[in-house]
Amino acid sequence: MAGTTGVEGDTANGGPSDADASDRMQGVVPVPVESKSTGNEYAITADTTIHVDSEAATGVADYLAGLLRPATGYELPVVDAPSRGPDGGVSLLLRGAPSKVGDEGYRLNVTTRGVTIRANEAAGLFAGVQTLRQLLPPSVESDTKQAGPWTVPGGHVLDYPRFSYRGAHLDVARHFFPVEDVKQYIDYLAQYKLNHLHLHLTDDQGWRIEIESWPKLTEIGGSTEVGGRPGGYYTRSEYEELVEYAQDRFITVIPEIDMPGHTNAALASYAELNCDGEREDPYTGIEVGFSSLCVDKPVTYEFIDDVIREVAEMTPGPHIHIGGDEAHQTTEEDYDQFMDQAVAIVEKYDKRPVGWHQILAADPPESTVSQYWYPGREAPDVAEAAQNGIELVASPASRAYLDMKYTEDTELGLDWAGLTTVEDAYRWDPGGFLEGVDESSVKGPETALWSETVETLEDIEFMLFPRMPAVAELGWSPESRTAWEPFRQRLATQGPRWDVQDVNYYESPQVPWS
């Protein structure tokens, strides 16, 4: 574990200093739209209760209590709020928030009497809870009882997101990650107010989701991973468990079934998906662009229909990602024909198709979302599509691909898109990165973590932290509030928190760690 002990400087009476509390108010990541310190503070004690005004607020309150109970040792009961309004303690209220905070924003007030978070929707309360979490001492992240005291700096926060879409991608195909690891990944996204999880479920190296109508996909295709070790897959119930876990944290899962390329795991599972009728051998390397479904066979589209139908049944979110990248074995004509049918199948099951930006070559309908991933800022075809109504997700590999190395000496990661420092991950504008694309065409940013070299949760953490919070801030905070120098100072205050959480983060020399 990198960094320091994570315990704040103690005063003579054993508690955090006033300066510590003030620093916490000014150290929130992502930076709020507005925040102001008042100099006083509120202390959560054994007598504190959490007040709610609705069933929707109760779910968020239960989450908050679950966060705070291990470290504080307090009961923190969740009770109905008095009809007259907040009466001390912590109040989570779905009334009284300004309309401008929308569905995900909130207003947070801390006085000597208590903490009040107001929002228009439960998602806004949840975002406010993540801010409250950072206003408490880092030791609140401990899973064992700590001494406290549990002071919250007095002040006011008004906050809401810049982009409605703030995503993170995880490749579970090249290396498989079990359910508990993905849940931890979801928790990390929630901590920094991301709201979409893009799961890359299929590729040449592995098929990771159970499809009942095609069982060999997991029996054969799910049995391997990069390097030749046994792989794994999610049963329907496990995938649904992950979806529900994410939903409880206001995160929408976007499953990706990559096609027509990146399909060797499927081609190794079923001979009929190959043009020659022969099964491919399982693949455990990291090269790309060599595989393709057989575009001319009717069974190919029967296969896609079954897979999309079953995935749609398990996925309440509005999107299904169908890849479309690096289909080097497919002619331009065949690619267009294939994508016309694949997009139609997604829409048949009432889902909105998403594809990597190469899908634009097939001239998909305006309902399609294109995910831009090339490193550079110039992509005239993507700009033209945006001008014609296509929405974009911004994932430039030189900024948002968190599988890139930090430095030449970084053990994990690749470097085909260059080296990506923390500063690189922060110094770009998701709404203005692509030349010729107006911000109104950009749904938001998404980080990507491909797993060619990433094998464990500790590896995931190392590549994620501290770059994921950097991109998360670009997605949440107003552009006028994002600047590198103050960000690196605020990011430094997260280090002690990650130490307590036992996060294996990269201690970048660009950040003045506490």
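The ground rules come first. The model is predicted: local features need pLDDT of at least 70, side-chain atom pairs count only at pLDDT 80 or more, and totals for chains, interfaces and linings use all residues. Residues are numbered from 1 along each chain as its sequence is written, and side-chain values use heavy atoms, with hydrogens and water left out.

Now the rings. Rings of Phe, Tyr and Trp (its six-membered ring) pair if their centres lie within 6.5 Å; planes under 30 degrees apart are stacked, over 60 edge-to-face, the rest tilted. That rule gives 28 aromatic pairs. Take Trp 214 and Tyr 270. They pair edge-to-face, 4.8 Å centre to centre, with 80° between the planes. The two residues are 56 apart in the chain. Trp 214 is in the loop between strand E9 (196-200) and helix H5 (216-219), and Tyr 270 in the loop between helix H7 (264-269) and helix H8 (298-314). Helices (H or I, at least four residues) and strands (E, at least two) are DSSP runs, numbered from the N terminus.

Next, two charges over rings. The test is NZ of Lys or CZ of Arg within 6 Å of the ring centre and within 35 degrees of the ring normal. Lys 193 lies over the face of Trp 476, 5.7 Å from the ring centre. Arg 249 has its charged end over the ring of Tyr 245, 3.6 Å from the centre.

On to cavities. On a 1 Å grid over the protein atoms alone, a cavity is a set of points where a 1.4 Å probe fits but cannot get out; lining residues have an atom within 4 Å of a point. Points join across faces, edges and corners, and a volume is the space filled by probe spheres set on them. The structure holds three cavities of 30 Å³ or more.

Last, the pocket: an open set with protein on both sides within 12 Å along at least five of seven lines. The largest pocket has a volume of about 510 Å³. It has 21 lining residues; among those closest to its centre are Arg 133 and Asp 187.
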